[in-house]
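Please look over the sequence and the structure below. A short report follows.

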Amino acid sequence: MIHTYIKGSSPHTIILLHGTGGDENDLLSIGSILNPNSTLLGIRGNVLENGMSRYFKRVAEGIFDEQDLVFRTKELKEFIDVAIEKYQLDRQKIVIVGYSNGANIAASMIFHYGAIFQGAILYHPMVPIRGKMIPQLAGMPVLIGAGKNDPICSITETEELAKLLKEAGAELTVHWENHGHQLSEPEVHFSIKWYNCYI
Ligand code: MLT
């Protein structure tokens, strides 16, 4: 997959997954704000929707092509496994950060493969797939950044996702802002505090 790799001086890695229409470089600045010494790995989604990169196909806004979601989740997991070997990353010290469509595939990776990351920051995620038994998350720290006026991720859907992750054993934090779907500055500031506390 197309990606940007920036080697850091600490053993930590932050994987960054963009929103629809973004690319592998979009969230690099968020990664270096969270941990200036961390290795950063920004990955571009393999699916194109009217020229916009995404991580999986959708039928309409918020309605996912489930078969493609499962296939792409596996594809991304395999790419990350290859990157871990290639760049000699410490598997125990990887935090995944996704915004919107990137948060949805990050959540899908957790739903399918469990606590494969040290922690996760999901900015404006949705429930990626329903009716799936989530593997035991054994205290994996997860932060959800949400907006009370987000027209794409409703309050109910955010709460549903939070409940599912909590029931699976995640150490879950939900941070609300009054904003919409955008990644807001206070949300990023809160993430720094969260990262320093849990990672
Ligand atoms: C998705 O398709 O993952 C969600 O609708 C978020 C987005 O617009 O990318």
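Which residue stands opposite leucine 122 in β9? Glycine 98 does.

**Basis**

This is a predicted model, in which local features need pLDDT of at least 70 and side-chain atom pairs count only at pLDDT 80 or more, while totals for chains, interfaces and linings use all residues. Numbering starts from 1 along each chain as its sequence is written.

**Strands β8 and β9**

Strands β8 (residues 94–99) and β9 run parallel and are joined by five bridges; strands pair if DSSP finds at least two bridges between them. Strands (E, at least two residues) and helices (H or I, at least four) are DSSP runs, numbered from the N terminus.

In β9 (residues 119–123), five of five residues are buried. A residue is buried if 20 or more other C-beta atoms lie within 10 Å of its own, exposed if 12 or fewer, and partly exposed in between, with C-beta atoms placed from the backbone. Gly119, Ile121 and Tyr123 point one way from β9, and Ala120 and Leu122 the other way. In a regular strand the side chains alternate between the two faces of the sheet.

**Serine 9**

Serine 9 sits in the loop between β1 (3–6) and β2 (13–17). Serine 9 is exposed because 9 other C-beta atoms lie within 10 Å. Threonine 39 is 30 residues from serine 9 in sequence, and 7.2 Å from serine 9 in space, C-alpha to C-alpha.

**Ligand surroundings**

The residues surrounding the ligand include Arg58, Glu61, Asn101 and Met126; a residue is near a molecule if its C-beta atom, placed from the backbone, lies within 6 Å of it.
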